[in-house]
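Welcome! Take a moment to look over the sequence and the model, and then we will walk through a few spots together.

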Amino acid sequence: QVQLVESGGGLVQPGGSLRLSCAASGSVFSIYSMRWYRQAPGKQRELVATMASDETTMYADSVKGRFTISRDNTQNTVYLQMNSLKPEDTAVYYCNHLTPWGKSFWGQGTQVTVSS
């Protein structure tokens, strides 16, 4: 089965940028859609960005124009480029792969902290 490992999180000042990576191993198929979630302290888990197998994308209103999801099928990696970061972006970010039949695979998460 699919195993996911996120990396690239850390501490960044407001207005800065980070790129998160999600490396996949196991039985990975290009038909899977890729998603990024985040969970801030005291809040519910939030869907941030989605890329379908046809590479169409969707973003939460709170991150449109600032975040970009992309994929590298050759390396089985999905990325989340985060620009113009705000303190409210502080959260644990999780990578998720979704199969066409509704099964999800999750990573352990990576902490992003935006603070001056």
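Which residue in β8 does Leu18 stand opposite? Leu18 faces Met82 in that strand. Please keep in mind that this is a predicted model.

## A sheet of four strands

Four strands form an open sheet in the order β1-β3-β8-β7, and their pairing is antiparallel. At the edges are β1 (3–7) and β7 (67–72), each of which pairs on one side only. On average, neighbouring strands in this sheet are turned by 15° against each other, direction ignored.

Inside the sheet, β3 (residues 18–25) runs antiparallel to β8 (residues 77–82), with six bridges in their pairing.

Now look at the two faces of β7. Phe67, Ile69 and Arg71 make up its covered face, while Thr68, Ser70 and Asp72 make up the uncovered one. In a regular strand, side chains alternate between the two faces of the sheet.

## Arg35, a buried charge

Next, find Arg35 in strand β4 (residues 33–39). Arg35 is buried, yet it has no salt bridge. Its nearest side chain of opposite charge belongs to Glu6, 12 Å away. A salt bridge would need a nitrogen–oxygen distance within 4 Å.

What Arg35 does have is a polar contact of 3.0 Å between its side chain and that of Tyr37. Setting aside neighbours within four places in sequence, Arg35 is in contact with Leu47, Ala49, Thr50, Tyr94, Cys95, Asn96, Leu98 and Ser104.

Our last stop is Val12, in strand β2 (residues 10–12). Why does Val12 count as buried? Its relative accessibility is 11%, and buried means under 20%.

Val12 and Ser115 are 103 residues apart along the chain, but their C-alpha atoms are separated by 6.3 Å. Ser115 is also one of the contacts of Val12 when neighbours within four places in sequence are left aside; the others are Ser17, Leu18, Leu85, Thr113 and Val114.

Key: Residues are numbered from 1 along each chain as its sequence is written. This is a predicted model: local features need pLDDT of at least 70, side-chain atom pairs count only at pLDDT 80 or more; totals for chains, interfaces and linings use all residues. Side-chain values use heavy atoms; hydrogens and water are left out. Buried means under 20% relative accessible area, exposed over 50%, partly exposed in between (1.4 Å probe, protein chains only). Lys and Arg count as positive and Asp and Glu as negative; His and the chain ends are not counted. A polar contact is a pair of N or O atoms within 3.5 Å; within protein, one must be able to donate a hydrogen and the other to accept it, and residues adjacent in sequence count only if both atoms are side-chain atoms. Contact means heavy atoms within 4.5 Å. Two strands pair if DSSP finds at least two bridges between them. Axes are lines fitted to C-alpha atoms, for helices over the stretch in contact, and angles run from 0 to 180 degrees between N-to-C directions.
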